[in-house]
Amino acid sequence: MKTINKQLIKITFFIFFIQTITVYGQLPKISDLGEYIWGEKDTYTTLPAIPEKWKNESAVVILSDYDYYYFKGGKALNTFVITRKIIKLNDQAAVNLFSEFDELGQDKELVVKIIKPDGSVNIIDVDKEKVESSELESSYVTFGYRKNVYKSKLAIPDLEVGDIIDFCIYFKERKPIMGVLEAPSVIDVISGEYPIMNYELDVHSKKNFFISIKTENGAPEPQDVSPKKGKDRQYSFKMQDIEKIDPIMWEYTLLNAPYIKFQVSLEKEKKTKAFVGEEKSKIKDNVTKEEVLEYFKGITVFDHGYKGSDKYLKDKGLSQEERIEEAYYYMRQYYLNQFIEAAVAYKNDLTVDNPFQFYAFPKYITEELKFINYYASFLREEKIPFEMIAGIPRSQGKIDNLLFPDDITLFLKINLDPENPLFVSQFGNHTNFNYFPYYLEGNEAYSLEIGDGHRLETIKKVKIPISDYKLNNSDQEYEITFLDGFEKIKVSRKSKLKGHNKVNEISERLNSLNFTEEDHEKYNTKRLYDRLKKRRNKNKYEKEFPAFKEKTITLQKESYEESLEEELDFKIEDFSFEVIETGRYNIEDVLSYKEEFSATNDLLKRAGPNYLFEIGKFIGGQIAIEEGDKERKEDIYMSYPRSFNNTISLTIPDGYEVTGLDKLAVDITNETGGFTSNYSLDGNKLIIKTYKYYTHNYEPNSNWSKMLAFLEAAYQFSQQKILIKKL
């Protein structure tokens, strides 16, 4: 199933459609899912023997089977999915993995059968055994009261090593929305963590539907097994004897593993969010740049006459560059962040009435294309030249592999100064102007430009630039002192992040509710509380919002503490956290925060009157390369070039000195990156500085040995101890 996601936006707005759809046609009538799967037509009543070569695998997939059904419901496309798996469990790890099914809901039916080594069969009573979980499936208001519907989970009783689990999940959650003419695209990676004996995927549709299919990396080609008569169409993909894929650090699965991707569409119209072929009778397996241009011609509108920021920008005396930057942040507030309180209140029932009704014709932008249309219209009104860049993530391959519109990420390249262009991508709660997502860097993309009017007219291939590792930096400063006669360690850490390092952490480090007041004042928008008219809404909000906000801050702090323990690999106590600089209003500004905590003497080992101190732990967890991973055939795909500075200042207690410092001086650098460290003594302070960097976001496998050199040096440093010696 498709798993690649675009940039996450913290505040999501939900629109619920309640419909009754009657489905006719090819979908089998399933009144009893167990009978349908395990009935007289089941070809797996007698199971094949496990191949000898896989006897020692944790588990072996005997069957991995998917059926996708597509039907027309009214003027929309309806999708149902039936998935069946038969798996032999050879060790406790596999038993643990398949002993529980979660996220069961109203639109997901499950049947499970356990086959014991002696041949006995136990069909699980799912309705009896499943229990309600704490995960919310849906929420709605009826008669003034909120109704929450929770998902269920199922624990499989008496599952043991040697058992075979045979289960089927019937997904019915994809209800059609009227006017939507295409089904969600699907990417199915065939190989997985277990070997597969038999794989089959079938796509069932109608002969008058459009379908796009592409297979890569040795995946089977589609076989047309449609009945000769009638309107039904079926494509089948079959494969056998599939070896497992061992997870490898810094590898993109879709570049090496066999996979199938496809999409079904009803119509060829401008509003169809799919690349549709010319003929319904033929599979579409590629997309030309001309098709990309025509597709975006139909859905981009750069003549909104956007004037939303004019009043805010008026009489500020800004340059053109300053003006378009300020407009970005104003739009971020006006079309997204001013609704944070309403979204939180709606989701958590903090007002009696729907809080969005207190906004006059609320306009919020959470879709990338809508943002592009609005901001590009602003640039056009300002007579500022720009290009729309359409790229796909490096993890998806090259732009020539494009098959679905929803694989595309859009951003704008602003050519005020063609030698130093500016970039704009869809805003989130804390995003910056002059930024585009790291996962596009270095890939080819399409550049689309408007002509004399407001429509896109030309398209060409371009290469997206790669950022500099020096600009994607994390700088951390530690102050370490010993307390209570070496019983405790007190630590203060200040962190400064910039570039992609900042962007990747900012949403986790900042609580949006802490900045709503500041943003409302800065951009002259009204708080939700000031919009509430009825006393019952004000009373409920006054009573419940502060407690909710405090709870989120507490949970966030706990999450930070857990993350820090994982990073440093030791337990901490007395944790506190403070944001110093948010970095929310300029890409060049850092995200800066301070953490203070203490740790017990687990990092200290007494040796007579002296102490061994694990000072290397304070550069954070480093990559430990296992012996089997030192040989590598695959190329190295990393997120982006990046760098990390650490400064550790240790106060040496009176009456002690530090020895064993020679191991703290390291200098390993080459064209792929490096790790360096040095130390100095300043009075009673030991000061250690380290620097680690990755020069590129990609290295050929021939450079793996060069990367190993500095990766292993960094890991060895993280294991270093110094001796705090009694004078």
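The following legends describe close-up views of a predicted model. Local features are given where pLDDT is at least 70 and side-chain atom pairs only at pLDDT 80 or more, while totals for chains, interfaces and linings use all residues. Residues are numbered from 1 along each chain as its sequence is written, and side-chain values use heavy atoms, with hydrogens and water left out.

**View 1. An open sheet contains 8 strands.** The strand order is E5-E4-E8-E2-E1-E10-E13-E12, and the pairing is mixed. Strands (E, at least two residues) and helices (H or I, at least four) are DSSP runs numbered from the N terminus. Two strands count as paired if DSSP finds at least two bridges between them. Strands of a sheet pair through backbone hydrogen bonds, either parallel or antiparallel. Strand E5 (121-123) and strand E12 (223-224) are the edge strands, each pairing on one side only.

**View 2. Strand E4 (residues 108-115) pairs with E5.** The two strands are antiparallel and share 3 bridges. Ile 114 stands opposite Asn 122 of E5.

**View 3. Strand E1 (residues 59-73) is largely enclosed by the rest of the structure, because 14 of its 15 residues are buried.** Buried means under 20% relative accessible area, exposed means over 50%, and partly exposed lies in between (1.4 Å probe, protein chains only). E1 runs antiparallel to strand E2 (residues 76-89), to which 14 bridges join it. Val 60 has Lys 88 in E2 as its bridge partner. The hairpin of E1 and E2 has 2 residues between the strands, and Gly 74 in this hairpin takes a positive phi near 65°. With strand E10 (residues 196-206), E1 pairs in the parallel sense over 7 bridges. Here Val 61 is partnered by Ile 196 in E10.

**View 4. Lys 383 and Asp 484 have positive phi values although neither is a glycine.** Lys 383, with phi of about 60°, is placed in the loop between helix H8 (368-381) and strand E15 (386-391). Its relative accessible area is 73%, so Lys 383 is exposed. Asp 484, with phi near 55°, lies in the loop between strand E20 (473-483) and strand E21 (488-497). Asp 484 is also exposed, because its relative accessible area is 59%.

**View 5. Glu 321, Glu 322, Asp 417 and Glu 419 form a patch of negative charge on the surface.** Patch residues have over 30% relative accessible area and no salt bridge, and like charges are joined within 9 Å. A salt bridge is a side-chain nitrogen of Lys or Arg within 4 Å of a carboxyl oxygen of Asp or Glu. Glu 321 belongs to helix H6 (residues 320-335). Glu 321 counts as partly exposed because its relative accessibility is 40%.

Methods. Patches are made of residues with over 30% relative accessible area and no salt bridge: like charges are joined within 9 Å, nonpolar side chains (Val, Leu, Ile, Met, Phe, Trp, Tyr) within 5 Å. Accessible areas come from the Shrake-Rupley method with a 1.4 Å probe; for residues, only the protein chains shown count as cover. Lys and Arg count as positive and Asp and Glu as negative; His and the chain ends are not counted. The place of a charge is taken as NZ of Lys, CZ of Arg, CG of Asp or CD of Glu.
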